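User: Please take me through this structure in questions and answers, one point at a time.

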Amino acid sequence: MTRRMGGTESPAPRPGAAGPDPAPSSWTPPSHEWILAADPDDLVAAAAAVRDRAHGTRVTFSPKVFIPLTMLCRDRCGYCTFAKAPARLDAPYLSMDEVLDIARRGRDAGVREALFTLGEAPEDRYPVAARWLAEHGYASTVDYLVACCKAVVEETGLLPHANAGALSEAELAALRPVTASQGMMLETLRGDLAAHRGAPDKAPARRLATLEAAGRLAVPFTTGILVGIGEDRADRLVALSAIAEAHRRHGHVQEVIVQNFLPKPSTAMAHHPACPEAELVWTIAAARLLLPPAVHLQAPPNLAEDLAPLLRAGIDDWGGVSPVTLDHVNPERPWPALDALAAATEAEGFALAPRLTIYPELAVEPERWLDEAMRFAVLDASDAESLAREDGWCSGGETPPPLLVDVAPARAPATAPTSARPATPSAPSGHAAARGHAAARGPVAEVLAGVMLGQEVTEDEIVTLFSARGPEVRAVAEVADDLRAQRCGDEVSFVVNRNINYTNVCTFKCRFCAFSKGPLSLNLRGAPYLLELDEVTRRVAEADALGATEVCLQGGIHPSFDGDYYLDVLRAVRAGSERIHIHGFTELEVTEGAKRLGEPLESYLRRLKDAGLKTLPGTAAEILDDEIRKILCPDKVTTTEWLEAHRTAHRVGLRSNVTIMFGAVERPRHWARHLVRTRALQKETGGFTEFVPLPFVHMASPIYLQRRARRGPTFREALLIHAVGRIAYAGAIDNVQVSWVKMGPQGVRQILCAGANDLGGTLMDENISRAAGASHGQRMGEEDLREIVAPLGRPLVQRTTLYERAEPAAAGAIP
């Protein structure tokens, strides 16, 4: 699918896609003369087009707390109410305890940024400030700021952003190990403004020196201009061009703020006119055209009466918004409530997304842009696009997920299923089809329009769908739910099964695995074990007696195993039950078993099949992209080997499924490659029965404990991977399974309204997720599953491993 622009075709842009400026060497801004002469409406339209191409429909904001470390300042700016005399303050500086109290309140409210704002070098003007610093053991205000930033990130995990004004290169360097970004408003390059009389730190040369020094140090930097303090339009263009040129040299300007002047009582400029809205809008549009397209453009939402003109003029960010603290620079202007900000953003056809104080384009290169001491703090707060995690939910945890999609009962039937299945599906409800799809525009909407016309999504389009936010998420979920209803009807299926993890001893060194035990992992959960074959037989017989139709066999690669061990396990299973379906042995196990026997894999799989093996699980796939496998499982099979093993299994008559373990270190591009590669194999063999997303459970995972992975996917990402999987596999794989172990009952309900149709197994003795820290139960009975599904108004049915209806005699025995 492509989108038409100006009569030509080009790939749909990916909102929020991380990466360098598009063609930075070839990008050329319009001249100042053209901008000054242009019709304002034409200027705004051109700016909006640049924003749409570079940033799509995503508008970001940073959830933050405002920490006013000191309100003393040596400068006397004509418009400032932040700076105060010592007599008006209880203390020259916030104490460390006060700083941490604000930060903790912010953390508890779900914010990610700690914005430190302060006056410039107050110790040079006020003896009381110098004495306070000396008494507390600090050489300067910046020295104290460094200590406070360090304490905040260590104690609360919030990411400090230091807005400390015009600093020297040495001061910027001292802050770099304890901040994720820094900032300083350039304001203007006019040196003769009355607003800056008595403000030596506002001298243009000093401000430009700080901007350049930050670039040399690779500090992610925020800057901007102040509109309406006596400068004219040409002056603003000069300042914006200076920012653009600094970014050309260093690539460090992540965000530019265009802030409108508002007069404040008791200041020298109290009677100066406020910046007219038309001037603010004109300046935003001019900034968008003069700055490199990938530089983000912000206007503070609390300083405007109407937000729509700002969006139309080309901004893509609202800056920091705090649910905890006021705007100490503009205390008379309260922050908008987040739901109101989202509503205003969505009313203009955009989707609101929280970000970190470091923007994703820079966060994806931590070795360049972050001091080593800050890298894990940023990673831990990040989602897969290096934006901010939206909430406290994590896979396997107990925090309930946010409500992203409608989980109302299914509605009246709209259409019939379009494909026959071994088990006759109930008529679809039209849960999505009977209602209008959620509003979306831009690239996500264009991809969905193609899907509804029956077009197959490409890798790039899959990445675009993964970028969905806000109403776009609902739109993706509804289209996926339509496809689910058409292919599977409304039935929600499950299999009664028992897991047998016969050993947790493994010679492989998968860095995400908390289940397997080797010499380096004995400090993790559980002791090493190897089940006797008689115990395998006993567990199978017990499962059979309770009505299980499937036994799932997986374990570590024990150093004593040869390929014949797996044949022994199959015989032990058959000794416990002649009828139970044997779903067993990961691709790694069968590949390694054949290798240790020196036997061709096809021959080995045929022997396993003859001994009773019926299907293979798709685990050991993790992410089918070798760039990521080198990080997660460097000594494991490659992407090509995994695909070839399943191709071979399908050839000998063993069906299998596709899994993906997501949320550790990879990005949406890797998810898309995984889907496309497995879809291609399914088209070739038809051997996959289902798609099973498995969210990374981080709590006890070695790679997370080593501070090298994220804390699993966000709930939005988990919901989308099920929905996008349904869309990507449309017509190829009919069944999408959601893991109740990892998603929890409330998460499962939403995902069943976003394309999933299967709950997996009842999972007696599930150990792998629990070893990684999952808190959900070890076993789920039919009544428990029915309780999950009941609010949706959809029937729960028991199935076999191959998605046939379970025989009545076998159904319902598991309590």
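User: Which residues in helix 27 meet Phe 715, Ala 718, Leu 719 and His 722 in helix 26?
Analyst: Helices (H or I, at least four residues) and strands (E, at least two) are DSSP runs, numbered from the N terminus. A contact requires heavy atoms within 4.5 Å. The residues of helix 27 that meet those four of helix 26 are Met 743, Gly 747, Gln 750 and Ile 751.

User: At which pLDDT do side-chain atom pairs count in this predicted model?
Analyst: Residues are numbered from 1 along each chain as its sequence is written, and side-chain values use heavy atoms, without hydrogens and water. The model is predicted: totals for chains, interfaces and linings use all residues, local features need pLDDT of at least 70, and side-chain atom pairs count only at pLDDT 80 or more.

User: How are helix 26 and helix 27 oriented to each other?
Analyst: Helix 26 covers residues 715-728 and helix 27 covers residues 740-752; their axes are 10 Å apart and the angle is about 50 degrees. Axes are lines fitted to C-alpha atoms, for helices over the stretch in contact, and angles run from 0 to 180 degrees between N-to-C directions. Angles under 35 degrees are roughly parallel, over 145 roughly antiparallel, 65 to 115 roughly perpendicular and the rest oblique. Helix 26 and helix 27 are therefore oblique.

User: How are helix 23 and helix 24 oriented to each other?
Analyst: Helix 23 (residues 639-651) and helix 24 (residues 668-685) have axes that come within 11 Å. Their crossing angle is roughly 20 degrees. Helix 23 and helix 24 are therefore roughly parallel.

User: Which residues of helix 24 make the contact with helix 23?
Analyst: On the side of helix 23, the contact is made by Thr 639, Trp 642, Leu 643, His 646, Arg 647 and His 650. The residues of helix 24 in this contact are Arg 677, Thr 678, Leu 681, Glu 684 and Thr 685.

User: Which residues in helix 16 meet helix 15?
Analyst: Helix 15 (residues 442-452) packs on helix 16 (residues 459-466) at an angle of about 125 degrees, with their axes 9 Å apart. That angle makes helix 15 oblique to helix 16. From helix 15 come Pro 443, Val 444, Val 447 and Leu 448; in helix 16 they meet Glu 461, Thr 464 and Leu 465.

User: How many of the residues of the chain count as buried, as a percentage?
Analyst: The chain's secondary structure comes to 29 helices and 21 strands. Of its contacts with a separation of 6 or more, 79% are between residues 24 or more positions apart. Buried means under 20% relative accessible area, exposed over 50% and partly exposed in between (1.4 Å probe, protein chains only). Among the 815 residues of the chain, the buried share is 62%.

User: How many residues are in another core, apart from the largest nonpolar core?
Analyst: Leu 759 belongs to the largest core, and its contacts beyond four places in sequence include Val 492, Phe 494, Trp 740, Val 748 and Leu 785. Apart from this core lies another, including Ile 35, Leu 145, Leu 211 and Leu 311, and its residues number 92.

User: What distance separates the C-alpha atoms of Pro 63 and Leu 338?
Analyst: Pro 63 is in strand 3 (residues 58-70) and counts as buried, at 9% relative accessibility. Leaving out residues up to four places away in sequence, Pro 63 touches Gly 110, Val 111, Arg 112, Glu 113, Val 321, Pro 354 and Arg 355. Leu 338 is 275 residues from Pro 63 along the chain, and their C-alpha atoms are separated by 9.3 Å.

User: What distance separates the C-alpha atoms of Phe 66 and Ser 322?
Analyst: Phe 66 is also found in strand 3, and its relative accessible area of 3% makes it buried. Beyond four places in sequence, its contacts include Ile 102, Leu 115, His 328 and Trp 335. Phe 66 and Ser 322 are 256 residues apart along the chain, with C-alpha atoms separated by 7.2 Å.

User: Is Ser 266 buried or exposed?
Analyst: Ser 266 is not a glycine, although it has a positive phi of about 65 degrees. Ser 266 sits in the loop between strand 8 (253-260) and helix 9 (277-290). At 83% relative accessibility, Ser 266 counts as exposed.

User: Is Tyr 803 buried or exposed?
Analyst: Tyr 803, not a glycine, has a positive phi of about 65 degrees. Its place is in the segment after strand 21 (796-798). With 4% relative accessibility, Tyr 803 counts as buried.

Conventions. A nonpolar core is a set of buried Ala, Val, Leu, Ile, Met, Phe, Trp, Tyr and Cys residues joined through side-chain atoms within 4.5 Å.
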